[in-house]
Amino acid sequence: MIDAIHVENLALIRSADLEPAPGLTVLTGETGAGKTALLSALKLLMGERADSSQVREGTDAAQVTGRLFRDAHDTEGVVVERRLGADGRSRIKIDGSLASVKELRTLVSPLVDLCGQHEHQRLLDAESHVAMIDAWGASTIGPLLSTYRVALHEATGAAQELARVEEASQTRGARLEEARYTLERIDEVNPVPGEYEELEERLPRATHAESLARAAHDAAEALSGEGGALDALNSAIVELSRMGSVDAELSQFADTLTNAAIVLEDSVRDLHTYRDRVDFDPDALARAQARFSELKGLMRRFGPTMDEVLQARDEARELLSMVDDAERALERAQRALDEAEERLQDAARALSRARAHIAPRFCREVVKQMARLQMGRAELVWDARSLPRARWTKQGPEAAELLYKGGPGLTPRPLKRIASGGELSRVMLACTVVLGEADGVDTLVFDEVDAGVGGAVARSLAAVLADLAQTHQVIVVTHVAQVAVMATKHYVVTKLEGDIPETTLSEVTGEDRVREIARILSGDVSEVSCAHARQMLEEAGQLGKS
């Protein structure tokens, strides 16, 4: 939902603010006053292509800023800013951060639908027709569509697996020989996971075992041997202890050195243990070095890491297994594909049946609304054509769309080829009313949906728009008083003449609104037209709210 829009220097607009109501908001004004510029501002917020010619004459840049709520639970909203320079450069910010046109379109387009005389709107997109039916019949169609999509995903995966098995079973020549060589060479060495790392850590100690044992022995002798460090340390302790009776400070030194002596004795014991634990076995060392060399050879050929060596062995084994067991592997893959396709066919039939049952009901409801809009005996017809299996998509197994039938004796044709802009807007309006809250779009903007209508049709159109405003935010550019009086908020677009004309936008209430309705009714503001306008507002229940 749109909370507010601020426009600067766009077309004839110098500065304008629009704060549409949650329900129905109308924009009125003389022809040529600049209502199109406001629609251009909305298009820019929706991520449509920018044109530097839209920048107001004599200014450097145009800017449109809008605050939108994503849903009923969004209390913070999102602020979108689009700046268009006279030099053609465009800048987009979403909540203060730079963004791309694609990001803007992805964010805003699902929230706002612009239904105008010349807009490429979702009603012209046949794929959106299926989405409408699915949304309207969500309780029935939703689970069936989910089941269909799961089945389609499984069938696609099964087909890919069959293709992989077929390719592997047909492998010949150099690739097959390479797989055999890889498996034979690696199996000949038969590496064990973790073995290389263990040897890499152990070999340096084994290689220098004799030197390590000698170093530990010599160090222990230097500490505890005759004339070693412990002898000298113990002599110092005896002398300090003897004189400690004279000076207590020397006793403290004696205690400290005693502790040091204990540490040295522990170290001597540990060094002897280390020396005795060192196992110097020339034959075992030679075997370990040879094994390490074999593993290094595998890594040079199939690595560079041992994990890659082991992976190469597994891949070669799997490939040879598939070739050797090709017939059974193909049978398994084909059987899995057949079963997946059978489940998919069942899911597709169930989905198509549900749509075929629900879509005509939807069309009948839309036709009722079209009748309210005085569209004669025009109809919507659901047309579904089965697609070849290869063309099935996530949307379904058929090509389907809503066709427009102008009368009982006429041939149904695609909406984009038959309906005029005004008719198309009214069909869109009828569809949206029927969809109600199931429609995912929050804000609907209608540009001249009332083109060429008056009298009873205008009253019907106003009633339908009022109904729609119960479930959507609706913004209507209108020239019809019957529509204008139904609005919760009423804005007037005015063009001020001058060297550079300027378009202004202002909300009208009270007597100002009465005068605007009177102008729409008769082209001037007289006592008679004002009385008529006041009566219409009272009948619409809007006079006291103005």
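**Close-up 1. Helix H18 in this predicted model covers residues 527-540.** Let's begin with its length. The 14 residues of H18 reach 20 Å from the first C-alpha to the last. That is close to the 20 Å expected at 1.5 Å a residue.

**Close-up 2. Helix H18 has a buried side and an exposed side.** Which residues of H18 are buried? They are Ser 529, Cys 530, Ala 533, Met 536 and Leu 537. Looking down the axis of H18, you can see these buried residues fall within an arc of 125°, so they line one face of the helix.

Close-up 3. Now follow the chain onward: just after H18, Gly 541 takes a positive phi of about 75°.

**Close-up 4. The structure holds 1 cavity of 30 Å³ or more.** The volume of this largest cavity is about 40 Å³. Around the cavity you will find Ile 5, Val 7, Leu 18, Leu 38, Ala 41 and Leu 42 as its lining. Strand E1 (2-10) and helix H1 (35-45) are the elements that each give two or more residues to this lining. H1 gives the most, with 3 residues. What kinds of residues make up the lining of the largest cavity? They divide into 6 nonpolar, no polar and no charged.

How values were computed:
Residues numbered from 1 in each chain as written. Predicted model: local features only at pLDDT ≥ 70, side-chain atom pairs only at ≥ 80, totals over all residues. Heavy atoms only, no water. 1 Å grid on protein atoms, 1.4 Å probe; cavity = no way out; pocket = protein on both sides within 12 Å on 5 of 7 lines; lining within 4 Å. Points joined across faces, edges and corners; volume = space filled by probe spheres on them. Helix = DSSP H or I, 4+ residues; strand = E, 2+ residues; numbered from the N terminus. Nonpolar A, V, L, I, M, F, W, Y, C, P; charged D, E, K, R; others polar. Expected span 1.5 Å × (residues − 1). Buried < 20%, exposed > 50% of the residue type's maximum accessible area, 1.4 Å probe, protein only. Arc of directions from axis to C-beta.
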